[in-house]
Amino acid sequence: MNVGAPPVRPGKAGGVVLVLGATSGIMRAVAHELARHGHDLVLTGRDRAETETLAADLRIRYGVRTRARQLDALAFETHAREIEDCIDDAEGQLAGAVLGIGYLGEHARAQQDSLEARRIVDTNLTACITLLTPLANHLEANGRGFLCVLSSVAGDRGRQSNYVYGAAKAGLSAYLSGLRNRLHHSGVQVTTVLPGFVDTAMTYGKEGMFLVAPPERIARGIVRAVDRRRDVVYLPGFWRGIMLVIRSIPEALFKRLRL
Amino acid sequence: MDGPNLFRSEQLSGWGRFPVERANLYRPERGAEVGRILTTAADPTYISRGLGRSYGDAALNREAGVISHVRLNRFLGFDANTGILECEAGLSFAEIIQVFLPRGYFLPVTPGTKYVTVGGAIASDVHGKNHHRDGTFGRFLVDFRLQIASGEVLVCSPEQNRDVFWATVGGMGLTGAILSARFRLVPVESAYVEADYQKAPDLDAALAAFAGSDEGYRYSMAWIDCLASGRSLGRSVLMRGNDAPRERVRAPDRDPLAPPAKRALSVPFDAPSALLNRFSIRAFNGLYYSSHRDATGRLVDFDSFFYPLDSVGHWNRLYGKRGFVQYQVAFPPQTAEGGLRALLERLSGTRRASFLAVLKRFGPANEGLLSFPFEGYTLALDLPGASGIEEFVRTLDDLVLRYGGRVYLAKDAVLSPESFAAMYPRAQEFVRIKRRLDPEGRISSSLARRIGLAG
Ligand SMILES: Cc1cc2nc3c(=O)[nH]c(=O)nc-3n(C[C@H](O)[C@H](O)[C@H](O)COP(=O)(O)OP(=O)(O)OC[C@H]3O[C@@H](n4cnc5c(N)ncnc54)[C@H](O)[C@@H]3O)c2cc1C
Ligand SMILES: NC(=O)c1ccc[n+]([C@@H]2O[C@H](COP(=O)([O-])OP(=O)(O)OC[C@H]3O[C@@H](n4cnc5c(N)ncnc54)[C@H](OP(=O)(O)O)[C@@H]3O)[C@@H](O)[C@H]2O)c1
């Protein structure tokens with residue numbers, strides 16, 4: 001439920017934000033938070049009807065302007081064109097983009113079926129790169145804006161239970177680190193978000209979940225991180241400590257654990 | 001795709017926290033998943049669930065499927081010319097108020113908590129303080145989309161699929177899952193009610209006040225002291241009012257449509273059951289009555305007027321781990337006085353105390369086959385879940401039946417199939433429609449099995 005402060009009136013806005021993967025549990029909450037702050041939004045999702053439903057909802061709730069676009073993360077060859085259309089939708093007012101496309105997949109299957117493994121890598125890494133490439137170039141040319149991308153704590157260290165996903169997210173985090181380095185010089189902020197477990201369809205009903213955070217909490221953290229032009233944020237913040245410990249375990253010991 | 005069909009095995013209860021049962025809780029993220037869950041039929045039966053504010057077992061399904069609609073909570077459209085809102089059924093009244101009260105609209109009918117969903121409001125055909133004038137929530141419905149067991153989606157309105165419409169309005173989720181609905185919001189000039197408070201020293205005085213002057217008020221109810229006995233039996237404080245016009249809220253620094261923000265309290269854990277005993281409740285009730293003064297034209301913000309209990313989150317924990325039973329009955333005009341008197345005598349004569357019982361006049365019934373309200377009077381009260389509570393409530397059910405009354409299913413946890421059949425004479429019509437929509441009985445709930453509606 002989104003029972004918070006009353007909606008901000010339109011007009012106070014800080015430009016249009018592109019929300020890639022708007023149908024995700026976390027991104028739904030992010031879109032609310034952005035609209036509540038008065039941003040107009042361009043939303044993309046592979047489920048057209050659902051994306052349009054979200055766009056209508058945000059319009060009615062917050063009085064902002066929204067647009068829905070269909071975008072399949074695995075149709076790489078369409079990405080440059082789609083991003084161009086999204087940028088056009090923003091009518092010169094693009095402030096930045098938040099990207100939350102991801103696919104946890106079934107690790108057990110990915111261990112047997114390399115196509116499942118490939119799908120995990122394609123969705124979490126390749127697609128993000130093919131979408132961010134034209135976006136980064138656009139923002140760089142403008143000399144301002146932000147890119148905020150959802151990676152995962154799973155990318156901080158490979159574990160036997162989800163290392164394909166973890167590898168893709170590790171790749172994504174490395175990509176973002178490099179992109180941040182490049183774009184910093186042209187005034188574009190790149191924010192890497194590393195969520196712990198979040199209560200969305202990705203985790204609902206799955207085993208082995210703990211310290212599961214509500215998506216609204218993560219969304220507030222994401223928008224705050226963008227506002228403050230943060231580089232890397234763990235959400236909730238305590239995951240930073242947890243991952244520090246997990247990363248510091250020597251490999252010789254780590255390999256014996258069942259994680 | 002994985003994910004959507006996943007469930008979580010959970011201990012669930014209604015707001016009364018009695019009974020508590022294990023079920024497989026599904027939480028679809030989009031409307032299309034509901035049909036997939038129903039037709040996959042991984043569980044023997046399914047029931048829809050909103051915010052779980054029904055008190056008993058209406059939104060429970062022991063060892064079977066429960067479909068939570070809370071993530072299906074999107075506004076779909078609003079027509080400012082007609083005030084007609086379209087939304088998904090999991091949207092809460094709280095969110096509707098948050099978005100539309102600042103724009104000058106309010107709900108046409110609201111229960112005593114805003115933490116209910118539109119689907120729950122339709123399935124229980126909820127009534128509010130304005131029932132004597134405006135009827136139930138069902139009256140303001142334009143139409144809704146109902147997904148039945150086969151996966152088919154029916155558009156139902158008083159014109160289209162009329163019989164399914166009136167089986168679903170008040171049908172406790174047993175015809176299928178309501179996906180979305182359209183209904184009318186009502187324009188208001190302010191977020192305040194102009195309220196009159198009037199004490200009535202006994203039941204006769206309370207009923208006389210209702211009968212004499214209710215028509216002058218859009219909103220009307222009374223708090224009644226269930227523990228008072230003898231000459232004070234039924235002593236009450238009537239609280240009645242009308243929407244305050246804009247001019248009444250004139251402070252320069254005040255937006256008439258934005259009431260002052262309130263601090264939220266919450267009961268963080270279960271109170272020890274001993275805290276709430278007959279002495280503390282009697283003392284509370286006595287204080288409540290004696291501290292009220294008659295007053296007219298008092299400006300009260302909508303939250304305090306409609307949702308006094310919502311300002312204390314999880315107040316149901318006050319009753320401790322054993323939970324409680326809400327008991328709400330309605331009596332027809334001819335027998336109301338006798339029925340209420342008999343019920344109040346029974347209550348004040350036992351050690352089973354109740355906080356804040358509510359008395360209210362109902363207007364005429366609608367065509368809902370299982371819709372609760374009918375013309376007369378209704379009384380709602382809490383009974384702490386002490387041992388023997390079920391037997392005690394059954395004796396109340398018998399008493400209510402003798403006076404031609406009925407029990408509200410949204411609050412019930414105890415009613416027997418025989419009493420139910422006697423109280424709801426149109427139940428057989430309901431069952432015929434349900435069998436037609438759901439021949440294999442795939443939509444069911446713990447309530448349905450308990451009262452013999454499982455099909
Ligand atoms: C403090 C308090 C005060 C109350 N005051 C009043 C009052 O004044 N008047 C009144 O009428 N009621 C009152 N109620 C009862 C409440 O309004 C009803 O129980 C209402 O149905 C709760 O809505 P919910 O969303 O929580 O539904 P739940 O409790 O989750 O479910 C209630 C019923 O609705 C069905 N349902 C829910 N969603 C759907 C759907 N999408 N499709 C099909 N079926 C569905 C369920 O199967 C179940 O049978 C009060 C409750 C509380 C806790
Ligand atoms: N939940 C967690 O515990 C958690 C933890 C760490 C990181 N994250 C990351 O946070 C982000 C959001 O996840 P979430 O928890 O909100 O999960 P989610 O609800 O499952 O969201 C995943 C999103 O990715 C989209 N997607 C997947 N494949 C796609 C494709 N081929 N084309 C287009 N869109 C595709 C999904 O679209 P559909 O809606 O159409 O399926 C959905 O919007 C992901 O990057 C995830 O890896 C999540």
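Tutor: Let's start with a word we'll need: a residue is called buried when its relative accessible area is under 20%. Keep in mind, too, that this is a predicted model.

Student: Okay. Which residues of α7(A) are buried?

Tutor: In α7(A), the buried ones are A:Pro215, A:Ile218, A:Ala219, A:Gly221, A:Ile222, A:Val223, A:Ala225 and A:Val226. Here's the general idea behind reading such a list: an α-helix has 3.6 residues a turn, so residues three or four places apart point the same way.

Student: What covers the buried residues of α7(A)?

Tutor: The cover includes α1, β4 (94-99), β5 (146-150), β6 (189-195) and β7 (232-235) of chain A.

Student: What span should the 13 residues of α7(A) have?

Tutor: Helix α7 covers residues 215-227 of chain A, and at 1.5 Å a residue it should span 18 Å. Its end C-alpha atoms are 18 Å apart, which agrees.

Student: Now for helix pairs. How are two packed helices described?

Tutor: By the angle between their axes and the distance between the axes. Take α5 (residues 114-142) and α6 (residues 163-184) of chain A: they pack at about 10°, with axes 8 Å apart. That makes α5(A) roughly parallel to α6(A).

Student: Which residues in α5(A) and α6(A) meet?

Tutor: On the α5(A) side they include A:Ile120, A:Leu125, A:Cys128, A:Leu132 and A:Glu140. On the α6(A) side, A:Tyr165, A:Leu172, A:Tyr175, A:Leu179 and A:Arg182 are among them. By class, the contact of α5(A) with α6(A) has 16 nonpolar, four polar and three charged residues.

Student: At what angle do α3(A) and α5(A) pack?

Tutor: Helix α3 (residues 79-89) of chain A packs against α5(A) at about 45°, and their axes are 9 Å apart. Angles under 35 degrees count as roughly parallel, and these two helices are therefore called oblique to each other. The crossing of α3(A) past α5(A) is right-handed.

Student: Which residues of α3(A) and α5(A) meet?

Tutor: From α3(A) you have A:His79, A:Ala80, A:Ile83 and A:Ile87. They meet A:Ala127, A:Thr130, A:Leu131, A:Pro134, A:Leu135 and A:His138 in α5(A). The contact of α3(A) with α5(A) splits into seven nonpolar, three polar and no charged residues.

Student: And how do the axes of α1(A) and α2(A) cross?

Tutor: Helix α1 (residues 25-36) and helix α2 (residues 48-62) of chain A have axes that come within 10 Å and cross at roughly 30°. So α1(A) and α2(A) are roughly parallel to each other, and α1(A) passes α2(A) in a right-handed crossing. The α1(A) residues in this contact are A:Arg28, A:Ala31, A:His32, A:Ala35 and A:Arg36. Their partners in α2(A) are A:Leu54, A:Asp57, A:Leu58, A:Arg61 and A:Tyr62. The residues of this contact divide into five nonpolar, one polar and four charged.

Student: Let's turn to the backbone. What should I expect for phi and for peptide bonds?

Tutor: Most residues other than glycine have a negative phi, and most peptide bonds are trans. Now for some exceptions. A:Leu211, in the loop between β6 and α7 of chain A, has a positive phi near 50°. Just after α7(A), A:Arg229 also has a positive phi, about 50°. In chain B, B:Asp125 has a positive phi of about 40°, and this residue sits in the loop between α3 (118-123) and α4 (131-134) of that chain.

Student: Are A:Leu211 and B:Asp125 buried or partly exposed?

Tutor: A:Leu211 has 47% relative accessibility, so it counts as partly exposed. B:Asp125 has 1%, so it counts as buried.

Student: Where are the cis peptide bonds that join A:Leu235 to A:Pro236 and B:Phe18 to B:Pro19?

Tutor: A:Pro236 lies in the loop between β7 and α8 (238-248) of chain A, and the omega of its cis bond from A:Leu235 is near -15°. B:Pro19 lies in the loop between β1 (7-13) and β2 (20-26) of chain B, and omega for its cis bond with B:Phe18 is about -5°.

Methods
Residues numbered from 1 in each chain as written. Chains lettered and ligands numbered in written order. Predicted model: local features only at pLDDT ≥ 70, side-chain atom pairs only at ≥ 80, totals over all residues. Heavy atoms only, no water. Axes fitted to C-alpha atoms, helices over the stretch in contact; angles between N-to-C directions. Helix = DSSP H or I, 4+ residues; strand = E, 2+ residues; numbered from the N terminus. Parallel < 35°, antiparallel > 145°, perpendicular 65-115°, else oblique. Left-handed = near helix turned anticlockwise from the far one by under 90°. Contact = heavy atoms within 4.5 Å. Nonpolar A, V, L, I, M, F, W, Y, C, P; charged D, E, K, R; others polar. Expected span 1.5 Å × (residues − 1). Buried < 20%, exposed > 50% of the residue type's maximum accessible area, 1.4 Å probe, protein only.
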